[in-house]
Amino acid sequence: MNVVVGVGGGIAAYKAAELARALGERGCAVNTVMTRSAQEFVRPLTFAALTGRKVITDLFADRSADEVLASSVEHIRVARENQLLIVAPATADLLARFANGLADDFLTTLYLAFSGPVLIAPAMNAQMWNHPATQANLALLKARGVEVVEPGSGPLACGEVGAGRLAEPGLIAERALALLAPARRDFEGETVLITAGPTQEALDPVRFISNRSSGKMGYALAEDAARRGARVVLVSGPVNLAAPAGVEIVHVRSAADMRNAVLEQLTAATMVIKSAAVADYYLENAPPQKMKKAAMRMSIELSPTPDILAEVGRIKGDRLLIGFAAETQNLAAEARRKLETKNADMIVGNLVSQEGVGLESDMNEVILVRRGADPLALPKATKRQIATQILDEALRLRLALHAVTRS
Ligand code: CTP
């Protein structure tokens with residue numbers, strides 16, 4: 001498997017050397033392309049020694065006219081001969097140039113000429129990462145199908161603490177290999193309806209009740225199901241995530257909106273996965289004007305929202321229905337109770353009180369409580385890996401349940 005590692009100029013450039021090694025260990029032939037500024041941080045020789053291959057350092061730099069002529073199609077050759085382009089670290093500048101289609105050095109030219117999958121691992125100062133310009137560029141690239149390994153949080157080289165650290169090289173290599181693996185098309189013919197994110201219940205025109213759900217679990221499910229050949233309809237509450245490639249998205253705000261969207265899309269669905277963290281209560285007849293502050297205590301009477309999962313459970317027919325249970329205690333028992341009361345086929349239960357997994361994290365650790373089977377504990381993994389395992393289990397469960405109804 002031939003892959004290109006494009007190295008951008010940043011402190012994290014040295015970690016790209018670890019990435020090149022990790023890819024080599026996993027059987028990839030690694031071709032390195034370094035931007036001019038990357039070479040200020042790490043010498044090309046490091047990569048040449050680690051990969052056993054010549055490192056490409058620039059488009060026409062320091063070459064004779066003959067060499068320029070010979071190499072003027074080199075980016076096309078590299079684009080053709082490699083199955084994956086990984087950019088790590090991707091600087092804010094590289095993201096901007098990719099997003100705008102600029103092509104003034106080898107790496108940006110290669111990016112435009114490359115028709116295979118592209119995996120980008122950004123790393124930069126937290127302010128730069130959070131800047132709307134960077135986030136807009138990133139959203140654009142994701143919308144065009146670029147895969148992103150999000151940076152982690154922690155102390156940064158600039159002395160600040162925040163998001164912007166390059167993801168671990170091992171994790172980037174793992175994502176790269178997953179992209180290179182031929183996609184299983186085991187969801188072909190399925191229409192999967194997925195809900196994700198929180199809902200927002202208005203208290204007045206500017207305030208709402210909501211929760212800390214990020215939507216990452218539901219988006220990971222949508223992305224994996226689409227990659228595996230399903231038609232995917234994603235009904236999403238307000239989140240900060242770009243729609244995964246190839247997924248039809250319906251944006252909603254409140255539980256009532258989400259219910260309407262789900263019922264509208266249900267007919268076509270063969271499988272329903274309710275990963276949304278739906279608010280349980282809302283304010284009926286929220287005032288049309290902003291509530292004014294008064295010096296006394298106030299109380300608001302809330303009404304229960306419709307339980308969408310339970311409603312779908314009553315009318316699901318032979319659709320496979322998967323719900324979630326976010327608990328702070330008695331996980332297995334609560335998940336089992338929800339499986340029965342909501343007539344689901346599987347409940348994905350997770351403890352939301354644990355540090356480092358669940359609600360806002362990229363990681364999760366869940367148990368799968370299944371109809372007619374013992375609970376299955378999935379060890380801590382990225383939400384993408386958990387999503388793949390949930391979908392694997394969904395297909396197995398469908399076969400098992402069909403076998404029971406036929407016999
Ligand atoms: N759910 C739903 N509609 C609601 C509330 C929850 O469809 N109004 C779904 C969620 O999408 C999830 C499952 O029900 O798949 C369980 O959600 P959870 O909040 O864990 O459970 P609740 O039913 O709210 O029960 P409890 O508050 O007792 O934990």
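A handy place to start is serine 254, whose side chain comes to 3.1 Å from the backbone nitrogen of aspartate 257. The model is a predicted one. Serine 254 sits in the loop that links strand S12 (248–251) to helix H12 (255–266). With a relative accessible area of 15%, serine 254 counts as buried, because the cut-off for that label is under 20%. As for its surroundings, residues up to four places away in sequence are set aside here, and serine 254 then touches Thr199, Gln200 and Glu201.

Where the two meet, 10 residues of domain 1 make contact with eight residues of domain 2. Between them, domain 1 and domain 2 bury about 560 Å², and carbon and sulfur atoms account for 47% of that area.

Next comes the sheet. Five strands form an open sheet in the order S2-S1-S3-S4-S5, and their pairing is parallel. Strand S2 (29–34) and strand S5 (147–148) are the edge strands; each has a single partner strand, so one side of each has no neighbour in the sheet. Further in, strand S3 (residues 84–90) runs parallel to strand S4 (residues 118–122), and four bridges hold the pair together.

The last stop is a hairpin. Here strand S6 (residues 152–155) pairs with strand S7 (residues 161–165) over four bridges, this time in the antiparallel sense. Glycine 152 is found opposite arginine 165 in S7. Five residues lie between the strands of the hairpin, and glycine 159 adopts a positive phi near 95°.

Conventions. Residues are numbered from 1 along each chain as its sequence is written. This is a predicted model: local features need pLDDT of at least 70, side-chain atom pairs count only at pLDDT 80 or more; totals for chains, interfaces and linings use all residues. Side-chain values use heavy atoms; hydrogens and water are left out. Two strands pair if DSSP finds at least two bridges between them. Helices (H or I, at least four residues) and strands (E, at least two) are DSSP runs, numbered from the N terminus. Buried means under 20% relative accessible area, exposed over 50%, partly exposed in between (1.4 Å probe, protein chains only). A polar contact is a pair of N or O atoms within 3.5 Å; within protein, one must be able to donate a hydrogen and the other to accept it, and residues adjacent in sequence count only if both atoms are side-chain atoms. Contact means heavy atoms within 4.5 Å. Buried area is the accessible area (1.4 Å probe) that two parts lose on being put together, summed over both.
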